[in-house]
Amino acid sequence: RASPMELLLQLKQVEQQGGRQVTFQYGPREIDVDLLLYGDQEIHLDTPLELIVPHREMRHRLFVLVPLADLAPEVVVPGTAGLSVSQLLQEATLGQPATVASLHVVGCLELPR
C-alpha cells in the first residue's frame, strides 16, 4: 500500500498525463485529482506538496460528496466528530434546492503502479 505522499505523487502524475498545466492557485485546470480520504487518518504535511487529508473543503462540495456517498455512504470521515459521508451530504444540502441531482461517475482512471 502506498504511503499518503506516494499516493499524492501518483495523483500528480495522473494530472500531468491528463494535460494539467500549472497556473496559479484556484486557477482553471484541465484535470484536478484530489486525495479525499486515506483510511481513518488525518494527515497534515506541510512539504513542497501540501497534503491535508481529509480534503479540507470536501464537506462543502456537493460535486465531491454526492458521488462519494454513492460509493461509500457509511464511511466515517476523520475530523468530523464521527459523521459519515452520507451525514456530511445531508448537512451540505440543507437549504439547497430540491433539484440537487445525483452526479454519476463517467470515467475511471487507473493509477500507475
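What covers the buried residues of helix 3?

Analyst: The structure is a predicted model, in which local features need pLDDT of at least 70 and side-chain atom pairs count only at pLDDT 80 or more, while totals for chains, interfaces and linings use all residues. Residues are numbered from 1 along each chain as its sequence is written, and side-chain values use heavy atoms, with hydrogens and water left out.

The cover over the buried residues of helix 3 includes helix 2, residues 62-71. Helices (H or I, at least four residues) and strands (E, at least two) are taken here as DSSP runs, numbered from the N terminus. Buried denotes a relative accessible area under 20%, exposed one over 50%, and partly exposed the range in between, with a 1.4 Å probe and protein chains only.

Helix 3 itself spans residues 85-93, and its buried residues are Val 85, Leu 88, Leu 89 and Ala 92. These residues lie on the same side of helix 3, because they cover an arc of only 105 degrees around the axis; the arc is that of the directions from the helix axis to the C-beta atoms.

In helix 2, the buried residues are Leu 62, Val 64, Leu 65, Val 66, Pro 67, Leu 68 and Ala 69. Helix 2 is largely enclosed by the rest of the structure, because seven of its 10 residues are buried. Leu 71, also in helix 2, is by contrast exposed, with a relative accessible area of 67%. The C-alpha atoms of Leu 71 and Val 85 are separated by 9.6 Å, the two residues being 14 apart along the chain.

A nonpolar core is a set of buried Ala, Val, Leu, Ile, Met, Phe, Trp, Tyr and Cys residues joined through side-chain atoms within 4.5 Å. The largest one has 13 residues, of which Met 58, Leu 62, Leu 65, Val 77, Val 85, Leu 88 and Leu 89 touch the most other members. Helix 2 and helix 3 each supply at least two residues of this core, and helix 2 gives the largest share, six residues. Apart from its neighbours within four places in sequence, Met 58 is in contact (heavy atoms within 4.5 Å) with Leu 36, Leu 37, Val 64, Leu 65, Leu 68 and Val 77. A second, separate core has eight residues, including Leu 7, Leu 11, Tyr 38 and Leu 51.

The loop between helix 2 and helix 3 contains Thr 80, which counts as buried at 9% relative accessibility. A polar atom of the Thr 80 side chain lies 2.5 Å from the backbone oxygen of Val 77. The backbone nitrogen of Leu 83 is 3.2 Å from a polar atom of the side chain of Thr 80. Leaving out residues up to four places away in sequence, Thr 80 touches Arg 59 and Leu 88.

For context, the protein chain comprises three helices and two strands, arranged along the sequence as α-β-β-α-α. Of its 113 residues, 29% count as buried. Among contacts between residues at least 6 apart in sequence, 47% join residues at least 24 apart.

The structure holds six salt bridges, each a side-chain nitrogen of Lys or Arg within 4 Å of a carboxyl oxygen of Asp or Glu. In helix 1, residues 4-17, lies Glu 15, which is buried at 3% relative accessibility. Arg 20, partly exposed at 23%, forms a salt bridge with Glu 15, the closest N and O atoms being 2.9 Å apart. Another salt bridge links the side chains of Arg 29 and Asp 32 at 3.3 Å, N to O. Arg 29 is partly exposed at 34% relative accessible area, as is Asp 32 at 38%. Glu 50 and Arg 56 form a further salt bridge, with their closest N and O atoms 2.6 Å apart. Salt bridges that share partners join Lys 12, Glu 15, Arg 20, Arg 29 and Asp 32 into one network.

How values were computed. Polar contact = N/O pair within 3.5 Å; in protein donor to acceptor, adjacent residues only side chain to side chain.
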